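Here are my notes on the model, jotted down as numbered points. Have the structure open while you read.

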Amino acid sequence: MISQINSMRQSVSLSNILWLETRNEILKTFRMPAFVIPSLIFPVMFYVFFGVLFNQSGADGNMSHYLIATYGVFGIMGPALFSFGVGVAVEKDQGWFAVKRCSPMPISAYFISRILTSMIFGLIIVLELFIIGAVFGDVVLTRSQWILTLVSLLLGTLPFCVLGLWIGLTIKGQAAPAIVNLIYLPMAFLSGLWIPLGVFPEFMQNVAWIFPAFHLSQMVLSIQGLSLGFDLIWHLLSLVTMSAIAWLLAARAFNKHA
Amino acid sequence: MNQNKTLIKVENVSKSFGDIKALRGVSMSLQAGQVIALLGENGAGKTTLINHLLGRETPDSGSVSIAGHTPGSYPARQTIGAVLQSAAMPETLTVKEHIELFSSYYSSPRTLTNTLEIAGLTELQNRKFKALSGGQKQRVLFAIAICGQPPIILLDEPTVGLDVQSRRQFWQCIRNLREQGTCVLLTTHYLEEADALADQVLLLNKGEIVHQGSSESLKQRLGGKRIRFTYSDPTAAFEHLPAVNHVMYRGSQIELISECAEETATALLTQYPTLSDLTIEQVSLEDAFIHFSVKDNDKELAA
């Protein structure tokens, strides 16, 4: 029996599991129009209003450039926070998380599939922004600036996945959408994603340091030289530290459910 | 499949949650090809026992082994398929999409066609989970438990909330599995369900196994049939009737427990021809619990 089970392990295809897990996660997400439509449209719609139509004043005439970075951050945050924060909370409460954990599913597949789905979602939003920015917003960047912006944004989903996971494992499914929105929207505003932070009073600029969205947006803005000018290492360190703390809290919550 | 292989071994397991003793020295073992029903009231410890087999709880004392492995470990999880109580699946995925994913977790899964057939879902494979009835949803949960062809299937109250027809369809699924030599452990409230499916019945009461054997032997131990009727003369006595081993009076409502309903009823109708509202029914699980808890109380009083 034991040798039978050892051979079982070898014959399970991890890449096949990951493919099906991710396929199901994507199908599941894209079949919820109440989630998909606002997530795909809001960041772009806001960008059109504030970055394209009313972009004459502010940020030294660089509004369309500034906002392409910050709405990019806003856009990738949403899918990550909702997929993990709301998705995990709901599946946990429905007993579905328990069913999966009793099955021989590798737990990594559960998380990786959600990370990939969030990234694919984020990719669509960022590409929408790029096209509108380049065509209607007169955003001119070098090829390496475009690529660097895209890559930073996609990697930037990770801290929000971890933060979302902690939230999802901690709160009740029913309360999850409200709580995630209560974190998502104020954090976006206070991190300067909608209005450049330079306009804010100094006190609020200091408060922004507690938000991962602020640090990510500063890193992305620095690609175009539009950040507040702090050394990048501080933002990177802050993001890594915050992710690590959220990871530890998530791991603690996870073990409680084991 | 090796019929004598012990797949589940539970030895003297006790578990408390605060002051509540959920399991008290439970021991049992299960071989391949057996269907066992775990019966008990709410709070008797059925789900707690299942959770120990799945590694979701660890015993305070005693040990559990799944085909020689620690419950919850990867090889143990490859060996068990489980339908947990009241789990809901993501609603926007189809039956087929769910089964395809779960099949990928196992090394020698059934084919999709085979899984759909056993669970009776072939016609429904492209339906989304949310568009299914309660009984159909339960069959999808069953399908993802069996799709990996695990040697052990655990079903925690698989038919709660199902109508009669869905319940019978579900029983058919379980019979199909037994034919293929799978070891099935199911918990239930219904003696009827245990009767229809199980080779063996384990009766749990307050965390203790109070009976282990066939469901026939359980019913015999409880004393057969219950005879109820109305009789207007309150001074009449019924203890002397043949095969009666218990009489209860509730005003003009009389209840007899009989080891042989035919004998008792014949004598009853001859001697008391004016009685009315006569019914004869199977002794129920409820009677079993009353029986065992009365014994329990006696023990406590004696102690």
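1. A word on terms before the residues: buried means under 20% relative accessible area, exposed means over 50%, and partly exposed is anything in between (1.4 Å probe, protein chains only). On that scale Glu57(B), at 22% relative accessibility, counts as partly exposed.

2. Some housekeeping. This is a predicted model, where local features need pLDDT of at least 70 and side-chain atom pairs count only at pLDDT 80 or more, while totals for chains, interfaces and linings use all residues. Residues are numbered from 1 along each chain as its sequence is written, chains are lettered from A and ligands numbered from 1 in the order in which they are written, and side-chain values use heavy atoms, with hydrogens and water left out.

3. Have a look at strand E8 (residues 200-205) of chain B. Five of its six residues are buried, so the rest of the structure largely encloses it. Strands here (E, at least two residues) and helices (H or I, at least four) are DSSP runs, numbered from the N terminus.

4. Which strands does E8(B) join through bridges? Strand E3 (residues 35-39) of chain B runs parallel to E8(B), with four bridges, and Leu38(B) sits opposite Leu202(B). Strand E9 (residues 208-213) of chain B is antiparallel to E8(B), with five bridges; here Val201(B) has Gly213(B) as its bridge partner. Two strands count as paired if DSSP finds at least two bridges between them.

5. E8(B) and E9(B) also make a hairpin, with two residues between them. In that turn, Lys206(B) has a positive phi of about 50°.

6. On to charges. A salt bridge here is a side-chain nitrogen of Lys or Arg within 4 Å of a carboxyl oxygen of Asp or Glu. The whole structure has 18 of them over all chains. In chain A, Glu25(A), Lys28(A), Glu91(A) and Arg114(A) are linked in a salt-bridge network.

7. Back in chain B, Lys15(B) and Glu57(B) form a salt bridge at 4.0 Å, N to O. Lys15(B) is in strand E1 (residues 6-17) and Glu57(B) in the loop between helix H1 (46-54) and strand E4 (61-66), so the pair ties together parts 42 residues apart in sequence. Lys15(B) counts as buried, at 10% relative accessibility.

8. Glu281(B) lies in strand E13 (residues 276-282) and Arg226(B) in strand E10 (residues 225-230), so parts 55 residues apart in sequence are tied together. Glu281(B) also forms a salt bridge with Arg228(B), at 2.7 Å between the closest N and O atoms.
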